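This report goes through a single protein chain, from its overall build to a few selected residues. The sequence and coordinates come before the text.

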Amino acid sequence: WPNPPPRYGALILPARPALTTTSAAQLARFAEAGLPIFFIDRPPSHAAGYFDHAAQDRIVRDAVQAALNAGARITRTDALAGALRQARVRANLTFTSAPCLFIEKALDGRAAYFLHNPKAEAQTVSFTTRASGFPELWNAYTGERTGLHTTSRNGESEIQVDLAAGA
């Protein structure tokens, strides 16, 4: 790495059949460096693409096996939270209400949580996060940003968000 690598608590890969050989090799290096890696349901078994596919598939399988030998794990989606706790991976976001779907991104050094309510009715979601600052609700349709109330306690922020149905 020319610069210090980003710090991640864990790397979670959704079930996917293929990876590039470059990505597979990097996963093996991450696992060998001690990064907890979790394959959901099954690890990739072949290379993305068809050029020299037999050799490329072998490279991916060998790299995935190296990652597994170094401690990467295969887990089911419904067992992931427990597997992360068992690996002592500290949560960045913990729901204190019924959970919703979310993606976490780092944007210019700030944590961004994109929440989605797939339900047919509105839902209030509450969670704690280690992120600090001034939380905002971003409307993906209008671009509107609204400040959210937060309470800080024990180095964590407690946030409550009202999500419209399907939002």
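A nonpolar surface patch, as the term is used here, is made of residues with over 30% relative accessible area and no salt bridge, with nonpolar side chains joined within 5 Å. In this predicted model, such a patch of about 360 Å² is made by Ile-103, Leu-107, Phe-114 and Trp-138. Ile-103 is located in strand S7.

Phe-114 and Trp-138 form an edge-to-face aromatic pair, with 6.1 Å from centre to centre and 70° between the planes. This pair links distant parts of the chain, since Phe-114 is in strand S8 and Trp-138 in strand S10 (residues 136-138), 24 residues apart. Phe-114 has a relative accessible area of 39% and is therefore partly exposed. Trp-138 is partly exposed as well, at 38%.

**Overall build**

The protein has 3 helices and 13 strands. Its C-alpha atoms fill a box of roughly 55 × 35 × 35 Å along the principal axes. Of the 167 residues, 28% are buried. The accessible surface is about 11300 Å², and carbon and sulfur atoms account for 54% of that surface. Among contacts between residues at least 6 apart in sequence, 66% join residues at least 24 apart.

**Aromatic pairs**

The count of aromatic pairs comes to 5. In one of them, the ring centres of Phe-102 and Tyr-113 are 6.3 Å apart; the planes stand at 65°, which is over the 60 degrees needed, so the pair is edge-to-face. Phe-102 belongs to strand S7 (residues 101-107) and Tyr-113 to strand S8 (residues 110-116), 11 residues apart, and their pair links distant parts of the chain. Are these two residues buried or exposed? Phe-102 is partly exposed, with a relative accessible area of 34%, whereas Tyr-113 is buried at 19%. The cut-off for buried is under 20%, so the value for Tyr-113 qualifies. Ring pairs also join Phe-102 and Tyr-113 with Phe-95 and Phe-127 into a cluster.

**Nonpolar cores**

The largest nonpolar core has 15 residues, and Leu-13, Leu-27, Ile-37 and Phe-39 touch the most other members. At least two residues of this core come from each of helix H1 (21-32), strand S3 (37-40) and helix H2 (53-69). Leaving aside neighbours within four places in sequence, Leu-13 is in contact with Leu-19, Leu-27, Ile-37, Phe-38, Phe-39 and Ile-40. Another core, of 10 residues, lies apart from the largest one and has Tyr-113, Val-125, Ile-159 and Leu-163 among its members.

**A buried threonine and an exposed one**

Thr-128 is in strand S9 (residues 123-129). Its relative accessibility is 12%, so Thr-128 counts as buried. Beyond its neighbours within four places in sequence, Thr-128 is in contact with Asn-92, Leu-93, Thr-94, Thr-96, Glu-156, Ser-157 and Glu-158.

Thr-77 sits in the loop between strand S5 (73-75) and helix H3 (80-86). With 55% relative accessibility, Thr-77 counts as exposed because the cut-off is over 50%. Which residues does Thr-77 touch, not counting those up to four places away in sequence? They are Ile-40 and Asp-41. From C-alpha to C-alpha, Thr-77 and Asp-41 are 7.1 Å apart in space, although 36 residues apart in sequence.

**Positive phi angles**

Most residues other than glycine have a negative phi. Asp-41 has a positive value, near 70°, and Asp-52 has a positive phi of about 45° although it is not a glycine. Asp-41 is placed in the loop between S3 and strand S4 (46-47), and Asp-52 in the loop between S4 and H2. Asp-41 counts as partly exposed at 45% relative accessibility, and Asp-52 is partly exposed at 43%.

The table collects accessibility values for some of the residues discussed.

| Residue | Relative accessible area | Class |
|---|---|---|
| Thr-128 | 12% | buried |
| Tyr-113 | 19% | buried |
| Phe-102 | 34% | partly exposed |
| Trp-138 | 38% | partly exposed |
| Phe-114 | 39% | partly exposed |
| Asp-52 | 43% | partly exposed |
| Asp-41 | 45% | partly exposed |
| Thr-77 | 55% | exposed |

Conventions. Residues are numbered from 1 along each chain as its sequence is written. This is a predicted model: local features need pLDDT of at least 70, side-chain atom pairs count only at pLDDT 80 or more; totals for chains, interfaces and linings use all residues. Side-chain values use heavy atoms; hydrogens and water are left out. Rings of Phe, Tyr and Trp (its six-membered ring) pair if their centres lie within 6.5 Å; planes under 30 degrees apart count as stacked, over 60 as edge-to-face and the rest as tilted. Helices (H or I, at least four residues) and strands (E, at least two) are DSSP runs, numbered from the N terminus. Buried means under 20% relative accessible area, exposed over 50%, partly exposed in between (1.4 Å probe, protein chains only). Patches are made of residues with over 30% relative accessible area and no salt bridge: like charges are joined within 9 Å, nonpolar side chains (Val, Leu, Ile, Met, Phe, Trp, Tyr) within 5 Å. Accessible areas come from the Shrake-Rupley method with a 1.4 Å probe; for residues, only the protein chains shown count as cover. A salt bridge is a side-chain nitrogen of Lys or Arg within 4 Å of a carboxyl oxygen of Asp or Glu. Contact means heavy atoms within 4.5 Å. A nonpolar core is a set of buried Ala, Val, Leu, Ile, Met, Phe, Trp, Tyr and Cys residues joined through side-chain atoms within 4.5 Å.
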